[in-house]
Amino acid sequence: MTIERLNKTHVDLYQALRLQGLKENPEAFGSSFEEESLMDLDFFKKRLEDKENVTFGVFIEHMLVGILTIRTSERLKTKHNGHLVGMYVDKDHRRQGVGKLLIKEVISFARTRGIINIFLTVTSTNKEAIKLYEHMGFEIYGVEKREIYHNDQYLDSYLMAYYL
């Protein structure tokens with residue numbers, strides 16, 4: 001199992017895993033498979049090249065099995081904050097330490113950038129993800145009521161933070 005910072009050379013693998021996540025776990029994302037499947041490869045390449053988004057990927061035998069992005073800011077008043085988005089681990093590779101490795105890598109990266117707060121949003125029904133985040137030191141500090149609309153129902157999201 002290896003971890004790499006993804007770049008435009010990984011765009012095909014990234015797009016495929018991102019779309020897989022949106023399709024298999026639609027309740028876990030603000031974006032939808034229907035919307036992002038219409039986007040061309042350039043859309044995903046720009047996402048990987050954006051200097052305020054850093055995406056890490058876990059590879060097992062040259063196969064991308066997990067992704068996580070940290071959004072950063074260059075603004076003077078907010079550059080000490082990072083936001084985790086788009087975490088997904090292939091269902092066949094869960095419970096193997098992939099998620100932990102991604103989070104550890106992001107925390108290490110954050111330290112090198114002077115980031116002292118890492119925030120994320122997780123759907124309240126995603127118990128496994130919440131358990132992982134809490135195990136890694138994140139704590140719930142709020143609730144975003146009815147943030148996600150999926151399958152004719154509104155889902156709350158927990159706001160979580162890790163303070164370095």
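In which sense do strand β2 (residues 53–60) and strand β3 (residues 63–71) pair, and over how many bridges? I looked this up first, keeping in mind that the model is a predicted one, and I found that β2 and β3 pair in the antiparallel sense over eight bridges.

Seven strands make up an open sheet with mixed pairing, and I read their order as β1-β2-β3-β4-β5-β7-β6. I noted β1 (2–5) and β6 (139–150) at the edges, where each has a single partner strand, so one side of each is left without a neighbour in the sheet. From one strand to the next, the twist averages 25°.

I went on to the helices. Helix α1 lies across β2, β3 and β4, and I noted that α1 runs at about 85° to β3. The axes of α1 (residues 11–24) and α3 (residues 41–49) come within 9 Å and cross at roughly 100°, which means that α1 is roughly perpendicular to α3. Among the residues making this contact I listed Val-11, Tyr-14 and Leu-19 of α1, and Leu-41, Phe-44 and Leu-48 of α3. By class, the contact of α1 with α3 has six nonpolar, one polar and four charged residues.

Last, I looked at the largest pocket, whose volume is about 1,300 Å³. I found 47 residues in its lining, with Met-87, Tyr-88, Asn-126, Ala-129 and Tyr-133 nearest the centre. Strand β4 (residues 81–89) gives the largest share of this lining, seven residues, and the lining divides into 20 nonpolar, 17 polar and 10 charged residues.

Definitions and conventions: Residues are numbered from 1 along each chain as its sequence is written. This is a predicted model: local features need pLDDT of at least 70, side-chain atom pairs count only at pLDDT 80 or more; totals for chains, interfaces and linings use all residues. Side-chain values use heavy atoms; hydrogens and water are left out. On a 1 Å grid over the protein atoms alone, a cavity is a set of points where a 1.4 Å probe fits but cannot get out, and a pocket is an open set with protein on both sides within 12 Å along at least five of seven lines; lining residues have an atom within 4 Å of a point. Grid points are joined across faces, edges and corners, and a volume is the space filled by probe spheres set on the points. Helices (H or I, at least four residues) and strands (E, at least two) are DSSP runs, numbered from the N terminus. Ala, Val, Leu, Ile, Met, Phe, Trp, Tyr, Cys and Pro count as nonpolar, Asp, Glu, Lys and Arg as charged, and the others, Gly among them, as polar. Axes are lines fitted to C-alpha atoms, for helices over the stretch in contact, and angles run from 0 to 180 degrees between N-to-C directions. Angles under 35 degrees count as roughly parallel, over 145 as roughly antiparallel, 65 to 115 as roughly perpendicular and the rest as oblique. Contact means heavy atoms within 4.5 Å. Two strands pair if DSSP finds at least two bridges between them.
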